[in-house]
Amino acid sequence: MIEILLNDRAYEQDIRELLMAFYPGETFAYEPSPDTEFSVEGIIDKGREWFSLKIISHRQQDFPELPPDLDEGVEEELAHAEEPIKVDYDNRTETKSRIKGRLYALLVLRTGRLLPWGTLTGIRPTKIVMTKLGEGMSQSEIASYMKRTYYTSHQKIELAIKTALYERELLGAMDYENGCSLYIGIPFCPTTCLYCSFTSYPIEKWKERTGLYLEALYHEMGAVADQIKGKTLDSVYFGGGTPTSLSAEELDQLLSKLEELFDLSHIKELTVEAGRPDSITREKLMTLKNHGVTRISINPQTMQQRTLDLIGRRHTVDMVKNCFLMARDMGFDNINMDLIVGLPQEDMEDVRDTMEQIRALAPDSITVHSLAVKRAARLNTMKEVYKDLKIVGTQEMIDLTAKYAADMGMEPYYLYRQKNMAGNFENVGYARPGKACLYNILIMEEQQTIMACGAGTTTKVLYREENRIERAENVKDVGQYMERVEEMVGRKRRILSSLGDSIYN
Ligand code: SF4
């Protein structure tokens with residue numbers, strides 16, 4: 001446990017996030033407590049416009065050697081570590097950056113480690129690049145800005161710039177500013193994965209009531225169709241959960257409903273997360289094909305059987321291969337595969353072997369996630385049971401997946417980060433030319449209004465001129481969703497009506 005002791009909580013979240021990046025899974029106390037490793041003590045003095053920050057060890061600590069490739073800025077911080085930091089409290093961004101810079105230096109000193117993204121704990125590094133490009137900065141100016149401000153490594157800066165440029169090119173080819181997208185959540189899965197923090201219920205338990213869920217969903221979809229009438233629908237994404245947990249008949253009915261309610265004549269992409277191979281059948285794939293689904297995802301996460309067993313996926317590696325080949329055979333020409341680096345008990349050789357098997361299948365895109373153990377995941381809630389599992393995600397593993405993606409002719413096209421991510425890395429989507437998922441970019445860069453239906457989904461309405469997003473969240477609990485669907489419709493209506501009769505101005 002780590003103590004965070006501050007006389008003012010204004011920057012507590014920023015401090016905690018950076019600590020979490022160095023110490024994933026660690027717990028925090030906000031007042032003096034026994035059994036803490038060390039304290040981070042901060043004093044805000046608004047009158048004198050300074051901030052002091054120090055780390056106090058509660059146990060004997062041998063400091064490791066400092067990394068050889070230390071930034072000048074970090075060295076500078078360490079040289080003045082005893083002195084308070086002069087800040088302008090009217091400039092929150094700047095103040096935050098100064099405080100995080102000092103804390104980062106102190107944590108590098110304590111751990112002997114640098115973080116690949118430096119002090120950057122936000123989820124969208126590409127947004128920084130996009131903004132700076134918009135302000136007219138050159139690529140090299142952006143690179144030195146990120147280095148100076150966040151101590152981000154050269155490699156990650158390059159990744160962020162490359163991805164942002166690709167995203168910009170893809171978005172430039174469509175009139176996304178006058179369109180919107182639709183997300184439909186199907187919150188059922190064959191079983192619950194160990195690391196899952198999504199809205200997901202085992203389909204076996206809900207089999208008898210999926211019809212009721214779909215009824216509520218159709219009601220909400222109908223209301224949304226009215227709300228966006230006259231607007232262009234650019235992309236539709238079915239996620240969850242695992243939409244293919246539904247039966248072929250239910251999928252048929254659901255996609256027919258979509259066609260009946262919405263004008264799909266302009267859509268550039270219709271994705272269905274087929275996700276778990278243990279939910280896929282030929283009949284279901286045929287249903288998707290017949291309804292013009294353009295992109296599917298078949299997600300192995302790993303091609304190591306013992307890991308699949310360990311994380312509760314209850315399907316085999318062969319099932320992944322068979323489903324993939326079956327989908328290819330049926331004419332699906334845009335298949336994504338999701339992978340996770342840093343899964344329990346996996347090492348570099350497991351990652352290499354997984355990537356070899358993926359390369360042999362030749363998907364059109366892959367999304368490489370770094371394991372993030374979120375609060376609601378079993379891996380976290382049942383920490384004691386799983387405490388002996390070795391969870392290691394390394395830069396070398398990430399680099400290896402990037403190398404295989406390049407070998408497969410793929411480029412990084414979207415990038416985001418999560419809190420609590422093992423090793424503070426990132427999630428990257430790679431795609432072959434013409435196979436990138438536009439919806440992923442639109443949602444991540446918050447470039448478009450996304451209407452969302454179903455339990456646990458979030459609608460995001462973009463007020464472009466005000467550069468502001470309004471969110472309407474649906475309840476996560478399926479039972480509650482079915483009972484309160486009218487309320488979910490009302491939540492959307494409220495954020496839309498505050499915009500007058502247009503959701504785009
Ligand atoms: S397939 Fe995805 S949504 Fe379903 S349980 Fe696993 S992690 Fe959760």
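In strand S4, tryptophan 50 is the bridge partner of aspartate 45. This is a predicted model. The pair belongs to the antiparallel pairing of strand S3 (residues 38-45) with S4 (residues 50-57), which runs over 8 bridges.

S3 and S4 sit in an open sheet of 5 strands, ordered S2-S1-S3-S4-S5, with mixed pairing. Its edge strands are S2 (28-29) and S5 (85-86), each of which pairs on one side only. Helix H3 (residues 92-111) lies across S3, S4 and S5. H3 runs at about 20° to S4.

Now to strand S9. Of the 9 residues of S9 (residues 232-240), 8 are buried, so the strand is largely enclosed by the rest of the structure. S9 pairs with strand S6 and with strand S10, as the table shows.

| Strand pair | Sense | Bridges |
|---|---|---|
| S6 (residues 179-186) and S9 | parallel | 8 bridges |
| S9 and S10 (residues 269-275) | parallel | 4 bridges |

Single residues mark both pairings. Glycine 185 stands opposite glycine 239 in S9. Tyrosine 237 has threonine 271 in S10 as its bridge partner. S9, helix H9 (residues 248-261) and S10 together make a right-handed β-α-β unit.

The loop between S9 and H9 holds glycine 241. A cis peptide bond joins glycine 240 to glycine 241, with omega about 15°.

Tyrosine 151 is not a glycine, yet its phi is near 55°. Tyrosine 151 is found in the loop between helix H5 (139-150) and helix H6 (154-172). Arginine 314, also not a glycine, has a positive phi of about 50°. Its loop lies between helix H11 (305-310) and helix H12 (317-329).

Are these two residues buried or exposed? Tyrosine 151 has 24 other C-beta atoms within 10 Å, so it is buried. Arginine 314 has 14 C-beta neighbours inside 10 Å and therefore counts as partly exposed. The cut-off for buried is 20 or more such atoms.

Terms used. Residues numbered from 1 in each chain as written. Predicted model: local features only at pLDDT ≥ 70, side-chain atom pairs only at ≥ 80, totals over all residues. Buried ≥ 20, exposed ≤ 12 C-beta atoms within 10 Å, placed from the backbone. Helix = DSSP H or I, 4+ residues; strand = E, 2+ residues; numbered from the N terminus. Pairing = 2+ DSSP bridges. Right-handed = clockwise from strand over helix to strand, strands pointing away. Contact = placed C-beta atoms within 7 Å. Axes fitted to C-alpha atoms, helices over the stretch in contact; angles between N-to-C directions.
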